[in-house]
Amino acid sequence: FNILGIIYIVLVIGDGAFFFFMMVGWHLPYPESVSRWWLNLSIQVLCGLFSYPALINLPWLIAHTVHLSSPSSSPGVDFNGSPTLSIFFHLPPSTRSKILTLKFVNISTQWINQWSRIKYPTYESSNSYPGNILCNVFFASSFIAGISGGIYQLLQEKDVRKDNDAAFEDGPLELIEKVRNMRKEGMTLNEIITEIQRT
């Protein structure tokens, strides 16, 4: 992760937690109008944060979609038809197509959701018809498609690593499993970090 990625994750987690606390009423006894204002602000910020990856991932999505229709889309070769160790290119074309479809649904519904939040910016307008339908349906659609696509990609890439153990670096699932095994062996946190950095 670079510093921007770390900042982004902190912002999403922080604002997501704040939104949840406001939604379930775990906050100071504000007047209802004040609580609704903060709740609406938190979801507006969260929506904007989700629109950021929807923007920066669009070129990646387009490039891989075009690549799937080319003769060089066989597993193991990149955009130019050259051998590559980038693991996504080693997934079968049908698997990549499913992942790209989920990502397309995620990105397109997120932009509709972002438009809905701009069109219906207040708590009242976003919680009354038609704002409540547009804001909530497309927010849920984008979230579900994004999570589903991410999990499916991780699982498929894990299978590729399992079949070609020495060819690829560990992914998130492999790192989690490795850390769990190290903890079972009694290694300290500093020892685990040192070992991961070494490998």
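Helices and strands are DSSP runs, H or I of at least four residues for helices and E of at least two for strands, numbered from the N terminus.

**Figure 1. Overall fold of the predicted model.** The protein has 8 helices and 0 strands, and its pattern along the sequence is α-α-α-α-α-α-α-α. The radius of gyration is 21 Å, well over the 16 Å that the globule rule gives for 199 residues, so the protein is more spread out than a compact globule. Its C-alpha atoms fill a box of roughly 60 × 50 × 25 Å along the principal axes.

**Figure 2. Burial, contacts and surface of the protein.** Of the 199 residues, 29% count as buried. Among contacts between residues at least 6 apart in sequence, 52% join residues at least 24 apart. The accessible surface comes to about 12,600 Å², and carbon and sulfur atoms hold 66% of that area.

**Figure 3. The salt bridge between Glu-32 and Arg-36.** The structure holds 1 salt bridge. In this pair, the closest N and O atoms are 2.8 Å apart. Both residues belong to helix 2 (residues 32–56), where they sit 4 residues apart, about one turn of the helix. Glu-32 counts as exposed because its relative accessibility is 54%, over the 50% cut-off. Arg-36, at 30%, counts as partly exposed.

**Figure 4. A nonpolar patch on the surface.** The patch is formed by Ile-3, Leu-4, Ile-6, Ile-7, Val-10, Leu-11, Tyr-52, Leu-55, Ile-56 and Trp-111, with about 950 Å² of accessible area together. Helix 1 (3–24) and helix 2 are the elements that give two or more residues to the patch. Helix 1 gives the most, with 6 residues; Leu-4 lies in this helix.

Conventions
Residues are numbered from 1 along each chain as its sequence is written. This is a predicted model: local features need pLDDT of at least 70, side-chain atom pairs count only at pLDDT 80 or more; totals for chains, interfaces and linings use all residues. Side-chain values use heavy atoms; hydrogens and water are left out. A salt bridge is a side-chain nitrogen of Lys or Arg within 4 Å of a carboxyl oxygen of Asp or Glu. Buried means under 20% relative accessible area, exposed over 50%, partly exposed in between (1.4 Å probe, protein chains only). Patches are made of residues with over 30% relative accessible area and no salt bridge: like charges are joined within 9 Å, nonpolar side chains (Val, Leu, Ile, Met, Phe, Trp, Tyr) within 5 Å. Accessible areas come from the Shrake-Rupley method with a 1.4 Å probe; for residues, only the protein chains shown count as cover. The radius of gyration is taken over C-alpha atoms; the globule rule is 2.2 Å times the number of residues to the power 0.38. Contact means heavy atoms within 4.5 Å.
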